[in-house]
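Student: I have a chain open on my screen and would like to go through it. Can you start with the terms?

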Amino acid sequence: MRPYPISLPVLLAAAVLWAPGQATAEPPAPAAVPAPAAPASAGGGLEDEGAPWRLALKDALRLGLEAHRGLQAARYDAPIAHAGWQAAWASFDTLLTADLTYAHEEEPTSLVFLGASEIRTDRVSGSAGLSRTLPTGGRVALLYRADRIDTDSPSAVLGRYWTPGLSVELTQPLLRGAGDVALLEVRRAHTRHAAARAGYSAATETVLLAIVEAWWELAFADANLAAREKSETVAAELLRDEEARLEAEVSTPLDVAEARAGVERRRSDRLAAE
């Protein structure tokens, strides 16, 4: 079989068909939102070992993120959207096609002097091709085909011969289907993927902010309670001093009553803080 020259369109078609896809690499996963460092404990400290219910800020952030079911569900939105993005690019993959057929023909003949009552013909046909949809909306295909014919017909010039061939086909829409229209689904999938990543980051920041606000409210309440307890203790000491001074006849019952009223006010403030 003699070699066939390869023209420039054939080389261009082969280069386009074997070009790598535009979305083969997976985009980087969204960076994890770092938890803020735990500040110094306020109001007697939320990290004291004597109070097992007290929690450091970093532990509160970790437990809050782990326990938030909505945030855990939103974590899967970005991988699902990325899979849809890859599926949208699948329509631009290079396709390989192959075909092989065999046919046997027997045709009766009246030429008995040939020594045979029929003419036998065997045909073998094979083809292989590559095709791909272009981002411009067109389609390019490269096809190679070869036919082998083996016959004992007296009218055939050759009893056995090959008929190979190579062809390139290019189709390109010129109106509504041309240009960026072909990438519409890819752009939509990419937008959904970006929205899923941004939504997860926003949800994480919202949960972290809520945890920090609740932690500081608890820290303030704890500090306020400690201050009220100390104030009640000081008022009780003052009451004892006034009672001792009353026994020593250096104070009046009015001073003792005022000290006792101060203790009750401090106890009321402490109960409200609790």
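Tutor: Helices (H or I, at least four residues) and strands (E, at least two) are DSSP runs, numbered from the N terminus. With that in hand, glutamate 107 lies in strand E1. The model is a predicted one, where local features need pLDDT of at least 70, side-chain atom pairs count only at pLDDT 80 or more, and totals for chains, interfaces and linings use all residues. Residues are numbered from 1 along each chain as its sequence is written, and side-chain values use heavy atoms, with hydrogens and water left out.

Student: Is glutamate 107 buried or exposed?

Tutor: Glutamate 107 counts as exposed, at 52% relative accessibility. Buried means under 20% relative accessible area, exposed over 50%, and partly exposed in between (1.4 Å probe, protein chains only).

Student: What does glutamate 107 touch?

Tutor: Leaving out residues up to four places away in sequence, glutamate 107 touches Glu118 and Ile119. Contact here means heavy atoms within 4.5 Å. The C-alpha atoms of glutamate 107 and glutamate 118 are 5.2 Å apart, although 11 residues separate the two along the chain.

Student: OK, zoom out. How many helices and strands are there?

Tutor: The chain has six helices and four strands. Along the sequence they come as α-α-α-α-β-β-β-β-α-α.

Student: What do the four strands form?

Tutor: They make an open sheet with the order E1-E2-E3-E4 and antiparallel pairing. Strand E1 (95-108) and strand E4 (160-171) are the edge strands, each pairing on one side only. Two strands pair if DSSP finds at least two bridges between them.

Student: How many bridges for E3 and E4?

Tutor: Strand E3 (residues 139-151) pairs with E4 over 12 bridges, in the antiparallel sense. In E3 and E4, arginine 139 stands opposite threonine 171.

Student: And what holds strands together in general?

Tutor: Strands of a sheet pair through backbone hydrogen bonds, either parallel or antiparallel.

Student: New topic. Which residues are in the largest nonpolar core?

Tutor: There are 12 residues in that core, including Leu57, Leu71, Tyr200, Ile211 and Trp215. Helix H2 (57-67), helix H3 (69-74) and helix H5 (184-247) each supply at least two of its residues. H5 gives the most, with seven residues. A nonpolar core is a set of buried Ala, Val, Leu, Ile, Met, Phe, Trp, Tyr and Cys residues joined through side-chain atoms within 4.5 Å.

Student: What about a second core?

Tutor: A second, separate core has seven residues, among them Ala88, Phe92, Val186 and Ala189.

Student: How many aromatic pairs are there?

Tutor: Searching the whole structure gives two aromatic pairs. For tryptophan 215 and tryptophan 216, the ring centres are 4.9 Å apart and the planes stand at 90 degrees, so this pair is edge-to-face. Rings of Phe, Tyr and Trp (its six-membered ring) pair if their centres lie within 6.5 Å; planes under 30 degrees apart count as stacked, over 60 as edge-to-face and the rest as tilted.

Student: Are those two tryptophans buried or exposed?

Tutor: Tryptophan 215 is buried, with a relative accessible area of 3%, while tryptophan 216 counts as partly exposed at 37% relative accessibility.

Student: Last one: where is glutamate 249?

Tutor: Glutamate 249 sits in the loop between H5 and helix H6 (253-273). Its phi is near 60 degrees, a positive value in a residue other than glycine. Glutamate 249 counts as exposed, at 72% relative accessibility.
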